[in-house]
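This tutorial dialogue shows how a set of computed features may be read from a structure.

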Amino acid sequence: MNKKKLAVVPFLILNSVVIFAALFKGLQISLGYYPIIGLQDITLANYQQVLTDPFFQKSLIYSCYLALVATFLSLLFGVILAFLLLKVNISWLHKIISLPISLPHIIVALMVIQLISQSGIISRLFFQLGIIREIDQFPLLIHDSTGFGIILVFLYKEIPYVAVTTLAILQQLQLGYIEVAKNLGASNTRIFFSVILPMIQKTLFTLFIILFCFTFASFEVPYLLGNPSNQTVALTAYDLFSQADLTTRPQAFALNLVISGICLAVTLLALTISYFLPGGRRTT
């Protein structure tokens with residue numbers, strides 16, 4: 001083992017201890033062992049309660065909806081943008097497109113509120129131009145049941161991230177395969193699905209895992225832009241944890257571990273699918 005790898009060992013040990021200690025403590029409390037409030041019996045009742053609760057089930061469906069829509073749209077438009085940037089080699093344009101990556105999600109959420117809320121910049125501009133007579137005639141794009149504002153924030157942040165990451169892979173591809181396919185008479189569509197897509201497949205699945213898990217467990221964006229009647233699972237867990245009644249804490253920890261379990265399951269499923277596709281390790 002070289003010196004560079006040895007230098008990483010203390011960092012890995014420290015982080016592993018912190019992460020596993022937190023997971024163990026969370027699992028302990030979620031199973032009902034919380035002596036500080038007199039709970040000492042190990043039970044699965046907290047998991048059963050949150051999993052069978054209709055409000056949690058609604059929150060789970062809503063969180064999956066937001067995560068899947070934001071992730072798939074980000075991947076689609078991000079890949080398209082990456083191909084456009086590959087053809088347009090302008091450094092300042094690349095820097096502008098990369099700018100949203102450096103902005104915190106909470107800052108982007110506040111920007112969206114100022115821009116498209118019913119009292120925002122666009123609404124007031126429409127009012128001044130006479131397009132709408134009253135401010136409340138502007139469509140409700142923030143705190144709506146469809147989560148339009150939430151998805152917009154994720155797209156603004158994630159499309160450039162997908163584009164920049166995919167562009168770095170495209171720039172390293174062996175373009176000789178593409179030239180051979182063209183010489184053999186393959187169409188652009190066939191070249192994309194048979195040559196290019198398998199080459200970037202692992203990257204796309206990795207991006208899918210990162211984006212889905214982040215958006216699924218996101219807290220600050222749904223907290224600022226969400227509809228109270230349509231909470232995400234992260235907000236539901238926060239509500240359980242922040243209540244004055246400490247007996248709801250074990251349910252909050254159980255819900256957080258359920259969120260982690262869902263993200264882990266999605267990760268394993270995505271990796272398995274990627275493995276058996278043409279761009280994976282196994283080819284047929």
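Q: Which pattern does the protein chain follow when read along the sequence?

A: Helices (H or I, at least four residues) and strands (E, at least two) are DSSP runs, numbered from the N terminus. The pattern here is α-α-α-α-α-α-α-α-α-α-α-α, and the secondary structure comes to twelve helices and zero strands. This is a predicted model, in which local features need pLDDT of at least 70 and side-chain atom pairs count only at pLDDT 80 or more, while totals for chains, interfaces and linings use all residues. Residues are numbered from 1 along each chain as its sequence is written, and side-chain values use heavy atoms, with hydrogens and water left out.

Q: What box do the C-alpha atoms of the protein chain fill, and what share of its residues is buried?

A: Taken along the principal axes, the box is roughly 75 × 70 × 40 Å. Buried means under 20% relative accessible area, exposed over 50%, and partly exposed in between (1.4 Å probe, protein chains only). Of the 284 residues in the protein chain, 37% are buried. Accessible areas come from the Shrake-Rupley method with a 1.4 Å probe, and for residues only the protein chains shown count as cover. The protein chain exposes about 17,100 Å², of which carbon and sulfur atoms supply 68%.

Q: Among contacts between residues at least 6 apart in sequence, how many join residues at least 24 apart?

A: A contact means heavy atoms within 4.5 Å. In this protein chain, 69% of those contacts join residues at least 24 apart.

Q: Which residues form the nonpolar patch on the surface?

A: Patches are made of residues with over 30% relative accessible area and no salt bridge; like charges are joined within 9 Å, and nonpolar side chains (Val, Leu, Ile, Met, Phe, Trp, Tyr) within 5 Å. A salt bridge is a side-chain nitrogen of Lys or Arg within 4 Å of a carboxyl oxygen of Asp or Glu. The patch here consists of I106, I107, L110, M111 and Y156, with about 420 Å² of accessible area together. Helix α5 (residues 105-116) gives the most to this patch, with four residues. Y156 is found in helix α7 (residues 148-170) and is partly exposed, with a relative accessible area of 34%.

Q: Is I116 buried or exposed, and which residues is I116 in contact with beyond its neighbours within four places in sequence?

A: I116 also has its place in helix α5. I116 counts as buried because its relative accessible area is 6%. Its contacts, leaving those neighbours aside, are I122, F138, L141, I142, F148 and L152.

Q: How many positive and negative side chains does the protein chain have, and where is the side chain of opposite charge nearest to E158?

A: Lys and Arg count as positive and Asp and Glu as negative; His and the chain ends are not counted. The place of a charge is taken as NZ of Lys, CZ of Arg, CG of Asp or CD of Glu. There are 16 positive and 10 negative side chains, and the centres of the two sets lie 21 Å apart. E158, in helix α7, is buried yet has no salt bridge; K157, the nearest side chain of opposite charge, is 8.8 Å away. Not counting residues up to four places away in sequence, E158 touches A70, S74, L211, F214 and T215.

Q: What phi does H143 have?

A: Most residues other than glycine have a negative phi. H143 is not a glycine, although its phi is positive, at about 65°. H143 lies in the loop between α6 (121-129) and α7, and is partly exposed, with a relative accessible area of 38%.
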